[in-house]
Amino acid sequence: LIDGGPYGARAACDVGLVDACLYRDELDERIAREASAGASQPEDLAWVNARALPALQAAAGARELWTDRPRMAYVVASGSITHAPAGRGIASEVFEAIFRQLAEDTTVAGVVLRIDSPGGDALASDLLWRAAHRLRREKPVVATLAEVAASGGYYLASAADCVFAERSTITGSIGVIGGKFDLGGLYRRYGVGRDGVERGARAGMLREDRAFTDDEREVVRGEMRELYDTFVARVAEGRGIGEDDVRRLAEGRVWSGARARAEGLVDAIGGPLEALREARHRAGLRDEGVVLEHHPRLPTAMRVLGKWLR
């Protein structure tokens, strides 16, 4: 098992290192089933995020001021996508929590997702896609692309019901890159030595002081091929087009928003106002005023607001 690594999620399942491959929401459902075993009313189970509780309480207090108006959410996803609990850019755990909260909030009629991202971490992009896809099941989600929505940024957009782009938006870049820096020559030039204790045929695969072996290079390429096929499948599903058509537009190619519209990668040319109009229409709202909530909220501002309301 050690020499056969590293393992992708599915391969780890196949060899028995893990029990199942689940998205976070599927894990929640499984925990809920086990936690409610024998309970008379399992549907009454509630999930509470302790770290977000102060902000949620403040938001609930502010919401009481606007109970007579329908609400729409405006979510801004800007920067590189990272698999992190917090930080600059699009931290996957932060936005997963936002999408999950909006999906469960029955008072939010629809969501406008503003994306300005060159992409980033592949796993984080897939987790965000999953969260946005689940949100779409509960209410309309309309994406609006800013200057750049490429790679993981476009991956996320493909989960929306409808996608708007500016004419000059850098769109697409459906592809995957991978590899490592080989600094062995630099180390030798300056007399730097590096050593380590390794166990397993591929334990040092990502060491920066040497190149890949042929076996290691094939492993990396296999992971990239799997990620690429998943990316293509996600876009094909979201855009309602065949995978062969997606592959013709993929392989890392980038398109202007106008060309992306002609090729079916986006639905229309427009910005946030057009996206909001479309989201209102899909939510069944016409001329009535709405409360537009901005996400992610600033925690400090929410705490101050919560104290003021109390």
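**Close-up views of a predicted model**

**Figure 1. Overall view of the protein.** The protein exposes about 17700 Å², of which carbon and sulfur atoms supply 52%. The model is a predicted one. Its secondary structure consists of twelve helices and ten strands. Of the 310 residues in the protein, 38% are buried. Among contacts between residues at least 6 apart in sequence, 69% join residues at least 24 apart.

Figure 2. Thr-144 belongs to strand E5, which covers residues 141-150. With a relative accessible area of 0%, Thr-144 is buried, because buried means under 20%. Its side chain makes a polar contact with the side chain of Arg-114 at 2.8 Å. Beyond its neighbours within four places in sequence, Thr-144 is in contact with residues including Val-112, Leu-113, Arg-114 and Ile-115. Phe-164, Gly-270, Gly-271, Pro-272 and Ala-275 are also among the residues in contact with Thr-144.

**Figure 3. The second largest pocket and its lining.** The second largest pocket holds about 1300 Å³ of space. Its lining comprises 37 residues, and Ala-122, Leu-123, Asp-126, Glu-223 and Leu-227 lie nearest the centre. Helices H1 (9-14), H5 (122-138), H6 (152-157) and H8 (214-239) each supply at least two lining residues. H8 gives the most, with eight residues. By residue class, the lining divides into 19 nonpolar, eleven polar and seven charged residues.

Figure 4. Most peptide bonds are trans. The bond from Gly-5 to Pro-6, in contrast, is cis, with omega near 0 degrees. Pro-6 is located in the segment before H1. A cis peptide bond also joins His-295 and Pro-296, where omega is about -5 degrees. Pro-296 is part of the loop between strand E10 (291-295) and helix H12 (299-309).

Figure 5. Most residues other than glycine have a negative phi. Ser-151 is not a glycine, yet its phi is positive, at about 50 degrees. This residue occupies the loop between E5 and H6. Ser-151 has a relative accessible area of 18% and therefore counts as buried, the limit being under 20%. Glu-251, likewise not a glycine, has a positive phi of about 55 degrees. Glu-251 is placed in the loop between helix H9 (243-249) and strand E8 (254-255). At 60% relative accessibility, Glu-251 is exposed, because exposed means over 50%.

Methods. Residues numbered from 1 in each chain as written. Predicted model: local features only at pLDDT ≥ 70, side-chain atom pairs only at ≥ 80, totals over all residues. Heavy atoms only, no water. Helix = DSSP H or I, 4+ residues; strand = E, 2+ residues; numbered from the N terminus. Buried < 20%, exposed > 50% of the residue type's maximum accessible area, 1.4 Å probe, protein only. Contact = heavy atoms within 4.5 Å. Areas by Shrake-Rupley, 256 points an atom, 1.4 Å probe, with all protein chains shown as cover. Polar contact = N/O pair within 3.5 Å; in protein donor to acceptor, adjacent residues only side chain to side chain. 1 Å grid on protein atoms, 1.4 Å probe; cavity = no way out; pocket = protein on both sides within 12 Å on 5 of 7 lines; lining within 4 Å. Points joined across faces, edges and corners; volume = space filled by probe spheres on them. Nonpolar A, V, L, I, M, F, W, Y, C, P; charged D, E, K, R; others polar.
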